[in-house]
Amino acid sequence: DWTMRAFRDEAIEKIRAQVGKGKVICGLSGGVDSAVAAVLIHEAIGDQLTCVFVDHGLLRLDEAKTVVDLFRHHYNIPLVHVDASKQFLGELAGVTDPEQKRKTIGRLFIDVFDAEARKIGGAEFLAQGTLYPDVIESVSFTGGPSVTIKSHHNVGGLPARMNMKLVEPLRELFKDEVRVLGRELGLPEIFVGRHPFPGPGLAIRCPGDITKEKLDILRNADAVYIDQIRKHGLYDAIWQAFAVLLPVKTVGVMGDGRTYDYVVGLRAVTSTDGMTADFYPFEMKFLGETATRIINEVKGVNRVVYDVTSKPPGTIEWE
Ligand code: XMP
């Protein structure tokens, strides 16, 4: 792609000009954006870059392994894997307000990056895979007055106490363009084609109080759902699909016994940039089969519902 090649060369020059001989820390989330940002920056400045993958305990099943494999083994880019799950889950305990969750997570990410920056002898720059829609949606919705819909965990600048400058080479791009750039940079298709995953992770897919027990149930339900989607060859036709764990238990029956377990909501949407979206019209047979599999395979769930809300009026994530 000619345009992306030009963008790549220009972005590399800009990164070099901004960073000089400084050290850069790049936070990886497991999503496409931060991975593309990291590979681009690595091309620009090589070993001046250290990637940090924070396991906040809010990741999908096997996420950490996938990311570590890609960066350490495929790319050979220095990668620090921080297990901060105790800290994140500890501070999130009892937090139920969506904005409060997002702000807590954003703050903790900064704390971790700050600590890692010190460990490598002081990094002057923090790199993030912020995209254009992240910037717009954190500021206002459809250009109207400044109403915050959601505070994206990585938008809004850095706190003054942190002496780092931001490097955000994707700030002008949309998701489809980031994917083209990712291919241009040689990222494996399986990674480039991945559905978006938000920095706050499963915290915003678990409305209400977040506990380790709920997160484990959610991780397992989500894995079954995505497996179903892949098996039916639907993954690439969908912009984003995921499970949500509702903070309600309902009554069910299994064998000759009564059950009283959680409800899982399934979400799948088509979109081109995440700014607007339509719910994905699965066939009923697929939904029925998926519900049966989730209830049979995931302990703690006895009911599954499908979300048929588009954006607007819904948002893609539930929080
Ligand atoms: P919403 O829920 O606002 O989501 O319709 C639009 C897209 O943005 C993703 N999203 C986020 N990504 N940090 C991120 O990196 C965030 O805080 C965040 N919040 C939402 C969401 O997954 C969807 O793709």
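Biologist: Leaving out residues up to four places away in sequence, what does Phe113 touch?
Modeller: Phe113 touches Ile25, Gly27, Val52 and Leu126. Touching, or contact, means that the C-beta atoms of two residues, placed from the backbone, lie within 7 Å. Please keep in mind that this is a predicted model, in which local features need pLDDT of at least 70 and side-chain atom pairs count only at pLDDT 80 or more, while totals for chains, interfaces and linings use all residues. Residues are numbered from 1 along each chain as its sequence is written.

Biologist: Where is Phe113 found?
Modeller: Phe113 is in helix α5, residues 98-119. Helices (H or I, at least four residues) and strands (E, at least two) are DSSP runs, numbered from the N terminus.

Biologist: And is Phe113 buried or exposed?
Modeller: Phe113 is buried, because 23 other C-beta atoms lie within 10 Å. A residue is buried if 20 or more other C-beta atoms, placed from the backbone, lie within 10 Å of its own, exposed if 12 or fewer, and partly exposed in between.

Biologist: You mentioned Ile25. What does Ile25 touch, again not counting residues up to four places away in sequence?
Modeller: Its contacts are Thr50, Val52, Phe113, Glu116, Ala117, Ala123, Leu126 and Ala127. Ile25 is found in strand β1 and counts as buried because it has 24 C-beta neighbours inside 10 Å.

Biologist: Changing topic, where does UniProt place the "binding site"?
Modeller: The unreviewed UniProt entry places that feature at Ser29, Gly30, Gly31, Val32, Asp33, Ser34 and Ala35. UniProt positions are given in the numbering used here, feature names are shortened, and annotations may be inferred rather than shown by experiment.

Biologist: Where does Gly30 lie?
Modeller: Gly30 lies in the loop between β1 (24-28) and α2 (32-45), and Gly31 is found in the loop between β1 and α2 as well. Gly30 counts as buried because it has 21 C-beta neighbours inside 10 Å. Gly31 is also buried, with 21 other C-beta atoms within 10 Å.

Biologist: Which residues are in contact with Gly30, leaving aside neighbours within four places in sequence?
Modeller: Those are Leu59, Glu63, Val67 and Phe197. Gly31, not counting residues up to four places away in sequence, touches Pro196 and Phe197.

Biologist: How is the chain divided?
Modeller: There is a domain 1 (2-192) and a domain 2 (211-306), with bounds that come from an automatic or database domain assignment. Their C-alpha centres lie 28 Å apart. The contact takes nine residues from domain 1 and 10 residues from domain 2.

Biologist: Which residues of the largest nonpolar core touch the most other members?
Modeller: Of the 76 residues in that core, they are Val24, Cys26, Val36, Ile41, Ala221 and Val264. A nonpolar core is a set of buried Ala, Val, Leu, Ile, Met, Phe, Trp, Tyr and Cys residues joined through C-beta atoms within 7 Å. The largest share of this core, 10 residues, comes from α2. Domain 1 and domain 2 both give residues to this core, so it lies between them.

Biologist: What is Ala221 in contact with, leaving aside its neighbours within four places in sequence?
Modeller: Ala221 is in contact with Ala243, Val264, Ile294, Val298 and Val301.
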